[in-house]
Amino acid sequence: DTFYWGNYSSTLYDYKKNPDEKTLEAHKKELLSVMEISEKKNKIVPPGVNAEYGYLLLKDGQENEGFAYLAKEIELYPESTVFITRIKDEYAKVKK
């Protein structure tokens, strides 16, 4: 396997099916776990994981950390630049 996904699809499904603080926290923990275990296994973090975690941090008002994860996404996947720029632009509009 090229990527380590852990329980990503399971926690995402739970959150989408029942969006509350508990399922959101479980999914955020899984995103962190996927990133940490990928690093330990010398695998590249799967596409979108850094972006999703960064986006969730932005929604929580954690700007510096959120933007750092968005930057990691672009670093790993330069083709995501347009998508990440859109996230940043939308965030800037909401922030005003």
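Biologist: Setting aside neighbours within four places in sequence, what is Thr 23 in contact with?

Modeller: Thr 23 is in contact with Asp 14, Tyr 15 and Asn 18, where contact means heavy atoms within 4.5 Å. This is a predicted model, so local features need pLDDT of at least 70 and side-chain atom pairs count only at pLDDT 80 or more, while totals for chains, interfaces and linings use all residues. Residues are numbered from 1 along each chain as its sequence is written, and side-chain values use heavy atoms, with hydrogens and water left out.

Biologist: What makes Thr 23 count as buried?

Modeller: Buried means under 20% relative accessible area, exposed over 50% and partly exposed in between (1.4 Å probe, protein chains only). Thr 23 has 13% relative accessibility, so Thr 23 counts as buried. Its place is in helix H2; a helix is a DSSP run of H or I with at least four residues, numbered from the N terminus.

Biologist: Which residues make up the largest nonpolar core?

Modeller: There are 12 residues in all, including Tyr 8, Leu 31, Val 49, Tyr 53 and Leu 56. To belong, buried Ala, Val, Leu, Ile, Met, Phe, Trp, Tyr and Cys residues must be joined through side-chain atoms within 4.5 Å. Helix H1 (8–17), helix H2 (21–40) and helix H3 (49–59) each give two or more residues to this core. Not counting residues up to four places away in sequence, Leu 31 touches Tyr 8, Val 49, Glu 52, Tyr 53 and Leu 56. A second, separate core has six residues, among them Ala 51, Leu 58, Ile 84 and Tyr 91.

Biologist: Why are H3 and H4 called roughly antiparallel?

Modeller: H3 and helix H4 (residues 63–76) pack at an angle of about 165 degrees, with their axes 7 Å apart. Angles under 35 degrees count as roughly parallel, over 145 as roughly antiparallel, 65 to 115 as roughly perpendicular and the rest as oblique. H3 and H4 are therefore roughly antiparallel. By class, their contact has 10 nonpolar, three polar and four charged residues.

Biologist: At what angle do H4 and helix H5 pack?

Modeller: H4 and helix H5 (residues 81–95) pack at about 160 degrees, with axes 9 Å apart. That makes H4 roughly antiparallel to H5. In their contact, H4 brings residues including Phe 67, Leu 70 and Ile 74, and H5 brings residues including Ile 84, Ile 87 and Tyr 91.

Technical notes. Axes fitted to C-alpha atoms, helices over the stretch in contact; angles between N-to-C directions. Nonpolar A, V, L, I, M, F, W, Y, C, P; charged D, E, K, R; others polar.
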